[in-house]
Amino acid sequence: MSAAAVVPTVPAVPAVSAVPATRGFRLGRTFLHPAFDYLVIGGGLSLVATVVLLAPGGSQRLSTWSAPVFALLLLLVNLAHFAASTIRLYTKPGAYKELPFLTMGLPLLTLVVLFVAMRYAETVGAHLMNLYFTWSPYHYAAQAYGLSVMYCYRSGVSLEPRDKLLLRVACLSPFLYAFFRGPVAGIEWFVPATVLTLPAVTAVRTVLVYGLGGLTLLVPVALAARAWRRGPALPVITLVVIVSNAMWWTALMYMNAFAWATVFHGLQYLAIVSIFHVRDQMGLPDNRHRPLYHAAWFYLACVALAYVLFKVWPYAFVAAGFGLAEAALLVVATINIHHFIVDAYIWRLRRDPNYRIVTGQAPALSERVAVVPA
Amino acid sequence: MTGLVGPTLGASHRLYRAAFVLGVALYLSCFLLGLAYELLRDKRLPAYDMSALSQAQEFLRRGDLPRAVQQYRMAARIDRGNYDTSRRLAEMLKSVGDPSAEIDVAEADRDRLPRLAASHRALGWVYYQNRLFDEADVSFRQALAIDPGDLEAQRGVGEAALERRRLPEAIEAYRQLLGRNQADAAAHNSLAIALMQSGRREEGIQHFEEAARLDPGFATNLQHARQELGAPRP
């Protein structure tokens, strides 16, 4: 498909009627079906899994998954979601023209960074790994914020700057908690151990970690209380997204079950990106396929690319004389960082056809909204 | 490519296009090389469950410990937050008879993860197994300072004290351990040994009995203790 030929011609959909700023909550306007949106995109499934894990014997139940089965699940969901951002980038109408560095320059730069990291694996490679681990919770936070705001817009909720600030604090708290908590990445990457082990620094850090942990769990409650008492009436899925992310970085991390969070994060991402891809493709003038065809094509391409990137690529370095340990670890770190960068661009709403998909509104309104980062 | 970026290209677009073509060529080469390498070497496609430690585990299966250690060491140095990799490396180094390296790894882990009770506790047991009981005691106590509920560190304090014949300390440590878990047969057994060595034989027998009741594997100690109790006291 030639992106140059793509001119967004989304048929005019009746605009969402302005919803008065009432108090309380609403189901919100979902993309596919409330059950699907709440469980998969909202992260409701992960909350169910967290409850199962917290129940007596729960961690044993989930840890009985054999390693190969879990590896397959990771490939089909988490690793596929990394590939999804790349495929979305290259299939997004107008991407080459709008984002020339991202589409054409970044791949080569990524390769150069990986080659340097492989050559100096114990120094540069270790820093690349720490960059990935430090950035990762921010990426999760940004995805939660992006989805929260997206559902607000889609439900016709007008967010005041203070509402947005509260949403931002709610979504960023888990990142800050992970940043100060460490270990190794986050603050421990920037500040030497000799400083961090000073009694005063340790005391301040402990207070910060506990405080941010508490904030992570309490701000969603404050957000709900504000919506209930003063409005605007938030779509409940906004709160589900925020609470899910908070649970991933607190409860699942505490139970050494964070691998499950990566599965739910990937599932959430695959679902929303597939919806955007399908709607873009359905809006093309020469489209001859049904939505299921586009969804299946997109997902299978994601799995195939994930397999090549994560399972085949490292062996090229092994063939060149490196060990699989450094090859596999640094390929994972590099793909993650590439994914974080690409994601920060492909979800922008301002002056972007993405906005019409979110709201179903006519193109003319697309310029008035803020950026939703990812 | 021309169709991708439009007919009127500026210099920067031409540069981007060249970078893109070069990048795609390099990526394809890498993928083909990786695929060919696995197909020629193992006669199969790369496994979907391949991990960073797959090669190390393969070396271990073939008995090539030095190369397995090299892989584990590299993984531990790059992925410094992965405590499990470091722990497995330490175990492997011990199995190849390199206790100093085992201590180095455990100490490096402790330095990397100073807020993790498990890193201090693990170092404590490495010291203990290498008969460095004073160092072990310090590490176990640091683990307890971070996590007072770390029962294995509490056990370590008792064991290190027992080895150094600091019997009141050992008795106190085991009593604290039993205060948290009365059904800990090993703690009853160790407390019994400390009490017997302190000359408090009747109390010791009681704890040996409790240990044997909870775990019949400790019955031999009980028999020995009863025989000793029957013998004249020194």
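The model is predicted, and the secondary structure of chain A comes to 16 helices and two strands. Of the 374 residues in chain A, 56% count as buried, while the chain exposes about 15,900 Å², with carbon and sulfur atoms supplying 69% of that area. Among the contacts in chain A with a separation of 6 or more, 75% are made by residues 24 or more positions apart.

**Helix 4 and helix 15**

- Helix 4 (residues 67-91) of chain A packs against helix 15 (residues 324-346) of chain A at an angle of about 45°, and their axes lie 9 Å apart.
- On the side of helix 4 of chain A, the contact is made by A:His81, A:Phe82, A:Ser85, A:Thr86, A:Arg88 and A:Leu89, which meet A:Ile335, A:Asn336, A:His338, A:His339, A:Val342, A:Asp343 and A:Ile346 in helix 15 of chain A.
- The residues of this contact between helix 4 of chain A and helix 15 of chain A divide into five nonpolar, six polar and two charged.

**Helix 1 and its cover**

- In helix 1 (residues 34-41) of chain A, the buried residues are A:Asp37, A:Tyr38, A:Val40 and A:Ile41.
- The cover over these buried residues of helix 1 of chain A includes strand 1 (25-26), helix 2 (44-54), helix 7 (121-154), helix 12 (236-254) and helix 13 (258-282) of chain A.
- A:Gly43, which follows helix 1 of chain A, has a positive phi, near 95°.

- Not counting residues up to four places away in sequence, A:Asn78 touches A:Leu73, A:Thr262 and A:Gly266.
- A:Ala117 lies in helix 6 (residues 100-119) of chain A and is buried, with a relative accessible area of 0%.
- Leaving aside neighbours within four places in sequence, A:Ala117 is in contact with A:Val124, A:Gly125, A:Leu128 and A:Leu330.

Terms used:
Residues numbered from 1 in each chain as written. Chains lettered and ligands numbered in written order. Predicted model: local features only at pLDDT ≥ 70, side-chain atom pairs only at ≥ 80, totals over all residues. Heavy atoms only, no water. Helix = DSSP H or I, 4+ residues; strand = E, 2+ residues; numbered from the N terminus. Buried < 20%, exposed > 50% of the residue type's maximum accessible area, 1.4 Å probe, protein only. Contact = heavy atoms within 4.5 Å. Areas by Shrake-Rupley, 256 points an atom, 1.4 Å probe, with all protein chains shown as cover. Axes fitted to C-alpha atoms, helices over the stretch in contact; angles between N-to-C directions. Nonpolar A, V, L, I, M, F, W, Y, C, P; charged D, E, K, R; others polar.
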